[in-house]
Amino acid sequence: MSISVDVHLLSGKRAAVEVEADASVESLKHRAQSALAVSSRGRLLNSAGEVLDGAQSVTQAKLRSGDVLTLHVNQVQIKATKQAGVFTAFIQASIGAFAAILGDGSVVTWGPDRFGGDCGAVKDQLTNVQQIQDQLCDVQQIQASTHAFAAILGDGSVVTWGDAHSGGDSSAVQDQLRDVQLIQASHAAFAAIRSDGYVVTWGDARFGGDSSAVQSQLTNVQQIQASVGAFAAIRRDGSVVTWGPADYGGDSSAVQDQRRDVQQIQASALAFAAIRGDGSVVTWGDARNGGNSSAVQEQLRDVQQIQAGNSGFAAVLREGLIVTW
């Protein structure tokens, strides 16, 4: 017996993947990587944000047809030589600095200090040293705001550095940053999803760093997208929660009745676009940045995928047509 699951990338790209019930989760992940045309190492997460054990069978992992999974892969891959060997690095950038995850899980940064180029203050936490009495702290993911970085370590904790006002200082929420699975960044703030679906935010409140107004709703979250200064989260039941300044798309009250059965969200600089289960699209935020799709609403049927530019969106329909606004 086989099952079919829907696997998403954080970019919004998705694919239906069919696998035998007795196949391994690792096999399912490889099929998903092939279907989504990604070659980077990654982790497969269930709808609750929990990392699936590759050694388990699909049945043991309690996966069923129709489940929505997330394939979390790092964003950029490069090859470089180091002495006689070769290592793989994954790079993330702020406005003027870079941070790379090396093949051994350690991190190297470069660029101006004011943009997060100096991680010296947390360097001892960003190394992959495994000894009998030491904890393995391999870095799994790095996200960047304009002036700061946030890294998820192998144990699910988070390390931040860079400009404090842009999210480089997470000390106020450090005790909440445990079992973190995914992080998204706006211009000057971060939002992290824990394995229990709870969301933790920090950074500049003017750019979505304060989610206190909607914190009670930020449970069972499985996806987050960020505009320049706001966030939108999809909960397990398909409902959407937004926060941050209205100018950046943080206020979705005008489409409150349409924020249901949402499968995917994409963000331009100041607006959001969401695909619902029936293939229709709902948008909100700045009209000049794609927040108003009324001119093409009748064409937005059977939408399979949305991609966002800085000030607009493009939707791919089931028949292969593309609609832009």
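Buried here means under 20% relative accessible area, exposed means over 50%, and partly exposed lies in between, using a 1.4 Å probe and protein chains only. Strands (E, at least two residues) and helices (H or I, at least four) are DSSP runs, numbered from the N terminus. The model is predicted: local features need pLDDT of at least 70, side-chain atom pairs count only at pLDDT 80 or more, and totals for chains, interfaces and linings use all residues. Residues are numbered from 1 along each chain as its sequence is written, and side-chain values use heavy atoms, with hydrogens and water left out.

**A covered strand and its partners**

Let us start with strand β10, residues 148-153, where six of the six residues are buried. In a regular strand the side chains alternate between the two faces of the sheet. In β10, Ala 148, Ala 150 and Ile 152 point one way, while Phe 149, Ala 151 and Leu 153 point the other way, and all are buried.

Which strands pair with β10? Two strands pair if DSSP finds at least two bridges between them. Strand β9 (residues 139-144) runs antiparallel to β10, and five bridges join them; Ile 142 has Ala 151 as its bridge partner in β10. A hairpin through three residues connects β9 to β10. Strand β11 (residues 158-162) also pairs with β10 in the antiparallel sense, over five bridges, with Val 158 in β11 as the bridge partner of Ile 152. The β10 and β11 hairpin has four residues between its strands, and Gly 156 in the turn has a positive phi of about 90°.

**Aromatic pairs**

A pair of aromatic rings is described by the distance of the centres and the angle of the planes. Rings of Phe, Tyr and Trp (its six-membered ring) pair if their centres lie within 6.5 Å; planes under 30 degrees apart count as stacked, over 60 as edge-to-face and the rest as tilted. The count by this rule is six aromatic pairs. Two of them are set out here.

| Pair | Centre distance | Plane angle | Class |
|---|---|---|---|
| Phe 231 and Trp 243 | 5.4 Å | 20° | stacked |
| Phe 272 and Trp 284 | 5.6 Å | 20° | stacked |

Phe 231 belongs to strand β16 (residues 231-235) and Trp 243 to strand β17 (residues 240-243), so this pair ties together parts 12 residues apart in sequence. Phe 231 counts as buried because its relative accessibility is 0%, and Trp 243 counts as buried at 3%. As for the other pair, Phe 272 in strand β19 (residues 271-276) and Trp 284 in strand β20 (residues 281-285) are 12 residues apart and link distant parts of the chain. Both Phe 272 and Trp 284 are buried.

Thr 242 sits in strand β17 and counts as buried at 9% relative accessibility. A polar contact is a pair of N or O atoms within 3.5 Å; within protein, one must be able to donate a hydrogen and the other to accept it, and residues adjacent in sequence count only if both atoms are side-chain atoms. The Thr 242 side chain reaches the backbone oxygen of Gly 250 at 2.9 Å, and a polar contact of 2.9 Å joins it to the side chain of Ser 252. Contact means heavy atoms within 4.5 Å. Leaving aside neighbours within four places in sequence, Thr 242 has contacts including Phe 231 and Trp 284.

Gln 184, in strand β12 (residues 180-185), counts as buried at 13% relative accessibility. A polar atom of the Gln 184 side chain lies 3.3 Å from the backbone oxygen of Ile 224. With neighbours within four places in sequence left aside, the residues in contact with Gln 184 include Gln 143 and Phe 231.
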